[in-house]
Amino acid sequence: MDKKVYVPDPSVSRKSHISSMKQYEDMYKHSIDNPEEFWGEIAKQFHWETEPSKFLSYNFDITKGPISIKWMEGATTNICYNLLDRNVKNGHGDKIAFYWEGNDPEDYSRLTYKKLLEEVCRFANVLKSKGVSKGDRVAIYMPMILEVVIAMLACSRIGAVHTIVFAGFSADSFAERMLDAKCKVLITTDGVWRGPKLICLKEICDAAMERCKNLGHEVKNCIIVEHLPRLSVSQNRNGTTKENGDTSPEKNKIPWTEGRDFWWHEEMEDASTSCYPVWVGAEDPLFMLYTSGSTGKPKGVLHTVAGYLLYAATTFKYVFDYRPGDVYWCTADVGWITGHTYVVYGPLANGATSVLFEGTPFYPGNSRYWEVVDKYRVNKFYTAPTALRALMKFGDGPVKKHSLSTLQVLGSVGEPINPEAWLWYYVVIGHEKCSIVDTYWQTETGGHLLTPLPGCTPMKPGSATFPFFGVVPVLLDENGKEIRGPGEGYLAFKRPWPGIMRTLFGNHERFETTYFKKFPGCYCTGDGARRDEDGYFWITGRVDDMLNVSGHLLSTAEVEATLSAHPNVAEAAVVSHGHPIKGECLYCFVTPNEGVKFSKELTDELKKKVREKIGPFATPEVIQHAPGLPKTRSGKIMRRILRKVAQNDRNIGDISTLADEGIIEVLFQNRIEIK
Ligand code: WT7
């Protein structure tokens, strides 16, 4: 079934920005042959206070000197001006920028471009009154509410650098990031409801600020959005409660430090609705975002203004085939890069209307996503395979109750999408008429690198297909030799596209060694990939998730795909484990579907399946029952922890990004010794 190629319907292709592979290839060639002309043309739609002196200069080869990447150097601009003022001036002031949909379906609101601009200006003035100026770092620890967008853009309006930390990280991890970034001010909310659970964000912020202080860095001010009292769920606080019994008036009172803490609404009251934008350099920092490194300390990925704007705007337009009038919804949290580029910057740069969703796919029921799609008549929808797989477990029932007739493009991001999930997305959600865009990229890349284009690229389930404009992928072997034609190797990129990060904050050396040292002349992703006979790229997983069983190079992702293809399996994760004879072997964790018993029959069947699909050398050594898998809050399986379980090593290290700690003990209990 995964051999089938899904060709876009000609009626869809006709209406798409890029309607044929020929058109894609011509544009791609132009973007490679003449990047200055290609991106220069795109830059014309934006406002540049001063023009660039040089459009592109870079050194990608560490043997020739320090790595440097500069787009539109010499130009000055303001990204907030380009997202808001420019769209208002172009007559879109009354257009909806965001429909906000709260955790509780009874909570919703909307914001026009004009109103968003006013609010951003007011908050920019508030930040200035707290002493924030160009280059200062501002920490943001907030849920998916309109104020998070306002806070981000207020920073960019005055040239301050926002550093969002996903409001699910622990106080310690948050402190570590604020300390590294030396954040001057912190913006948060009193709390948030995540599904049926109340989380008191301000308490976590207080603990984080306290920790920073003890370690020698003081966060000067904290600005708090009063979010809870305005929610319908909290109206029940003093009386009857909804399904959650833990609502109490005390929850509403938050810890407070006089002189340091300020209410958002009180500060905003007298703030002016106009704020002249600070013109910043094209290569000035826009934001930083921490991403986990394979060795301990998180990396502060730094993105700059002009290149990021060009890349966010262009990928958004073509990858979602954006049209004026569309309603677009990306379910990612703004705490991740997907939220930065495809909830905020990309859509606003195009003057788009988006849904900003505070809730989860499972609250109040398992059809929440599809309710929201119908409610706002969403045309373009972007989510993660982990969410799809979780929803698939409940069958088609919760989907079938909804029309979903407005959907045109369905996006996937974050990990390889297994063909089963792809097909479910295509058939059950998209009614076999939507394009699926499996977008491969990273925090570091700023935007999509490999992706199909709607109405254009013939799709193969599980393949991220071809490079976006300006992007030159290569597959390299262990010695850095280029693999041409079909084959498998390290995925790297040969030259900079506008959205690539410029450095790791405060550590250019780590930036160079992590990404540019292994293969001089290339940006090394850390992922493996395969190119098939038709030139399609297939991500095979992180390179460190590769293993060698009796001399056969295997990717754990391949085995996982086979296991999760079994009708009784909900999810599977595979790690490498040392083996006295084979060198390494496969240790598999399997979560059966709801209501399915984990039995010897099942494990035998699974082993047989892998043997059949990949080869006898790939037969799993162990298949362990995993009622759940350890995941980051963004849904990534933490294989590092699974390796520790397999090794029976209780020294599991940093688990600050883990969503559910409880699962670890269960996994150790279920552990199977390798004979
Ligand atoms: C890593 C980057 C990109 C935003 C969200 C994650 C994996 C991402 C895909 C995809 C296969 C994918 C890669 C990559 N990944 N998208 N479509 N197919 N793998 O950002 O946390 O920086 O993670 O996610 O392994 O290196 P991130």
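**Note on the predicted model**

1. Leucine 404 is partly exposed: 19 other C-beta atoms lie within 10 Å, and a residue counts as buried only at 20 or more. The model is predicted. Leucine 404 sits in the loop between helix 14 (397-400) and strand 19 (409-413). Its phi is positive, about 55 degrees, although the residue is not a glycine.

2. Lysine 182 also has a positive phi of about 55 degrees without being a glycine. The loop that holds lysine 182 runs between helix 7 (171-181) and strand 8 (185-189). With 16 other C-beta atoms within 10 Å, lysine 182 is partly exposed.

3. Helix 19 covers residues 639-647, and its buried residues are Arg639, Ile641, Leu642, Lys644, Val645 and Ala646.

4. Proline 364 is located in the loop between strand 17 (353-357) and helix 12 (368-376).

5. What surrounds the ligand? The shell consists of 20 residues, and the closest are Pro416, Tyr440, Gln442, Thr443 and Ile539. Two or more residues each come from helix 11 (337-349), strand 20 (435-439), strand 24 (523-531) and strand 25 (537-542). Strand 24 gives the largest share, three residues. By class, the shell around the ligand holds eight nonpolar, eight polar and four charged residues.

6. Cysteine 434 belongs to the loop between helix 15 and strand 20. Is cysteine 434 buried or exposed? It is buried, since 22 other C-beta atoms lie within 10 Å and the cut-off for a buried residue is 20 or more. Leaving aside residues up to four places away in sequence, cysteine 434 touches Leu407, Gln408, Val409 and Leu410. Glycine 411 is 23 residues from cysteine 434 along the chain, and the C-alpha atoms of the two are separated by 10.0 Å.

7. How do helix 13 and helix 15 pack? The axes of helix 13 (residues 385-392) and helix 15 (residues 419-429) are 10 Å apart, at an angle of about 75 degrees. That angle makes helix 13 roughly perpendicular to helix 15, because angles of 65 to 115 degrees count as such. Helix 13 makes the contact with Pro385, Leu388, Arg389 and Met392, and helix 15 with Ala421, Trp424 and Tyr425. By class, this contact has six nonpolar residues, one charged residue and no polar ones.

8. Helix 17 (residues 556-564) is largely enclosed by the rest of the structure, because eight of its nine residues are buried. The buried residues of helix 17 are Thr556, Ala557, Glu558, Val559, Glu560, Ala561, Thr562 and Leu563.

9. According to the unreviewed UniProt entry, residues 24-82 carry the annotation "domain: Acetyl-coenzyme A synthetase N-terminal". In the model, the span of residues 24-82 is 39% helix and 24% strand, and its end C-alpha atoms lie 27 Å apart.

Note on methods: Residues numbered from 1 in each chain as written. Predicted model: local features only at pLDDT ≥ 70, side-chain atom pairs only at ≥ 80, totals over all residues. Near = placed C-beta within 6 Å. Helix = DSSP H or I, 4+ residues; strand = E, 2+ residues; numbered from the N terminus. Nonpolar A, V, L, I, M, F, W, Y, C, P; charged D, E, K, R; others polar. Axes fitted to C-alpha atoms, helices over the stretch in contact; angles between N-to-C directions. Parallel < 35°, antiparallel > 145°, perpendicular 65-115°, else oblique. Contact = placed C-beta atoms within 7 Å. UniProt positions renumbered as here; feature names shortened; annotations may be inferred. Buried ≥ 20, exposed ≤ 12 C-beta atoms within 10 Å, placed from the backbone.
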